[in-house]
Number of protein chains: 2
Amino acid sequence: MNFYEKTISSQQIFTGRIINVKVDTVKLPDGSTSTREIVNHAGAVAILPVDEDGWVWLVQQYRKPLERVLLEIPAGTLEPGEKPLDCAVRELHEETGLSAESWEPILSYYSAPGFCDEQLHLYLARDLKVGESHTDRDEFVELVKMSLEDAYKAIFTGEIVDGKSIIAIQYAYHQMER
Amino acid sequence: MNFYEKTISSQQIFTGRIINVKVDTVKLPDGSTSTREIVNHAGAVAILPVDEDGWVWLVQQYRKPLERVLLEIPAGTLEPGEKPLDCAVRELHEETGLSAESWEPILSYYSAPGFCDEQLHLYLARDLKVGESHTDRDEFVELVKMSLEDAYKAIFTGEIVDGKSIIAIQYAYHQMER
C-alpha cells in the first residue's frame with residue numbers, strides 16, 4: 001500500500017523555546033484531503049544511571065503539563081547541533097552531579113509519533129562518580145536513589161509513569177549484564 | 001523540596017482537533033518567573049494483540065510528523081467521556097478487525113510529560129477473533145503479523161521505534177503468562 005501523505009499547504013501556528021506547532025493540509029492516499037496537527041521538537045536524551053551496588057539514580061521534578069511531581073530518569077533537550085551522547089553526558093552531570101565512565105546506548109524512539117516528531121535517545125550510564133549538580137535556572141530537581149528492582153516494581157504500581165523511564169528501567173532490569 | 005509552579009497567566013495559542021497548545025507564565029520555587037509551553041491532548045489507548053500461536057498483530061501507518069511509515073501496535077485517541085477499555089475495544093476492532101475475549105491492562109503512562117499531558121493506557125488483548133476492519137476516513141493502515149520474539153528483536157534493530165509499542169512489547173516478552 002502507498003501511504004504517503006503529500007503536503008498541500010503548511011501553516012506555522014507557534015514558534016516557542018521548546019516546541020513549534022504547525023498544521024499541514026495533506027493529500028491522502030485516496031485523493032481526499034485532511035489536516036495534520038504537528039508539534040516539532042529538537043529531540044532529547046534520557047539516562048538511566050546504575051551504580052556498582054545496583055542502585056539507580058532518579059530525579060523528582062514538577063511537570064507543569066500534569067500539575068504534579070514525577071519521578072523520572074535524568075533527561076534533557078538536545079541543543080542545536082549537539083550529538084546525543086554529548087548531550088547525555090552534559091545533562092547527567094547538570095541534573096545529578098554524576099559522571100559515568102561507561103555509556104551504553106539502549107535505543108532511540110519517538111515519544112508520540114501521531115502528532116509530534118520528538119525523538120528520544122536512551123542510555124545506560126555505569127561506573128559512576130559523584131560530583132556537584134548544576135541545573136538550569138528554571139529547573140528544580142531532587143535526586144532519589146532506589147534499587148533497580150524497586151524501580152521496576154514502581155512501573156506497575158504507578159509510582160513511575162513516565163514513558164522514557166519505563167522503557168529504560170524495563171531494559172536494565174531484564175537485559176543489563178550484571 | 002517544594003516544587004510547585006504557580007500559574008501567573010495562561011495564553012491559549014491553538015485549539016485543534018487532536019491537540020490544544022498554551023503558554024503558561026509560572027512562578028518558580030525560588031520566586032522568579034518562567035514560561036511553560038504546554039500541549040494538551042485528550043489521552044489515548046494502545047493495544048498489543050497476541051493470538052494463541054504467539055503472533056502479535058501490528059499496524060503500519062504513515063506518520064506525518066516524521067514523514068515516514070511506522071510499525072506500531074494498534075492505538076487511538078479517547079473520545080470525550082469514553083472509558084479507556086471501551087476505547088481500546090473499539091480501536092482494536094476498527095483498525096484490525098480483531099475482537100478479543102481477554103483484556104489485561106498493562107500500565108498507564110505519560111508519553112512526553114515535559115511539554116505534553118497525553119496519557120496512554122496500554123492493554124494486552126488475547127483470545128482473538130478475526131473480523132473486518134473499519135478505519136476512520138483519514139486513516140490508512142496495513143496489518144502486519146509477526147512473532148512476539150521478532151517484535152522484541154525489532155525494538156533493538158530500529159524496526160520498531162514507537163514508544164507505546166516498545167513498552168507493550170517489552171512487557172509481553174518478559175512478563176506475559178504463556
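# A guided look at a predicted two-chain model

Visitor: Which residues does Leu28(A) touch, leaving aside those up to four places away in sequence?
Guide: This is a predicted model. Leu28(A) has contacts in both chains. In chain B they are Asp138(B) and Phe140(B). In chain A they are Glu5(A), Thr33(A) and Ser34(A).

Visitor: Where in chain A is Leu28(A) found?
Guide: Strand E2 covers residues 19-27, and strand E3 covers 33-41. Leu28(A) lies in the loop between E2 and E3.

Visitor: Is Leu28(A) buried, exposed or partly exposed?
Guide: Leu28(A) has 17 C-beta neighbours inside 10 Å. A buried residue needs 20 or more, and an exposed one has 12 or fewer. The count falls in between, so Leu28(A) is partly exposed.

Visitor: How far apart in space are Leu28(A) and Phe3(A)?
Guide: In sequence, 25 residues separate Leu28(A) and Phe3(A). From C-alpha to C-alpha, the distance is 7.7 Å.

Visitor: How many residues of strand E4 of chain A are buried?
Guide: E4(A) runs over residues 44-49. One side has Ala44(A), Ala46(A) and Leu48(A), the other Val45(A), Ile47(A) and Pro49(A), and both faces are covered. The strand is largely enclosed by the rest of the structure, because the buried count is 6 of the 6.

Visitor: Which residue of E7(A) is the bridge partner of Ala46(A)?
Guide: E4(A) and strand E7 of chain A, residues 75-77, run antiparallel. They are joined by 3 bridges. Ala46(A) is paired there with Ala75(A).

Visitor: Which residue of E9(A) is the bridge partner of Val45(A)?
Guide: Strand E9 of chain A covers residues 119-130. E4(A) pairs with E9(A) in the parallel sense, over 6 bridges. For Val45(A), the partner is His121(A).

Visitor: Which are the edge strands of the open sheet of 4 strands in chain B?
Guide: The order in this sheet is E7-E4-E9-E8, with mixed pairing. An edge strand here pairs on one side only. In chain B, that picks out E7 (75-77) and E8 (98-110).

Visitor: Which residue in E9(B) stands opposite Tyr109(B)?
Guide: E8(B) and E9(B) pair in the antiparallel sense. Their pairing extends over 11 bridges. Opposite Tyr109(B) stands Leu120(B).

Visitor: What pattern does chain A follow along the sequence?
Guide: Chain A has 3 helices and 10 strands. Read along the sequence, they give β-β-β-β-β-β-β-α-β-β-β-α-α.

Visitor: What share of the residues of chain A count as buried?
Guide: The C-alpha trace of chain A spans about 60 × 40 × 30 Å along its principal axes. Chain A has 178 residues. The buried share is 41%.

Conventions. Residues numbered from 1 in each chain as written. Chains lettered and ligands numbered in written order. Predicted model: local features only at pLDDT ≥ 70, side-chain atom pairs only at ≥ 80, totals over all residues. Helix = DSSP H or I, 4+ residues; strand = E, 2+ residues; numbered from the N terminus. Contact = placed C-beta atoms within 7 Å. Pairing = 2+ DSSP bridges.
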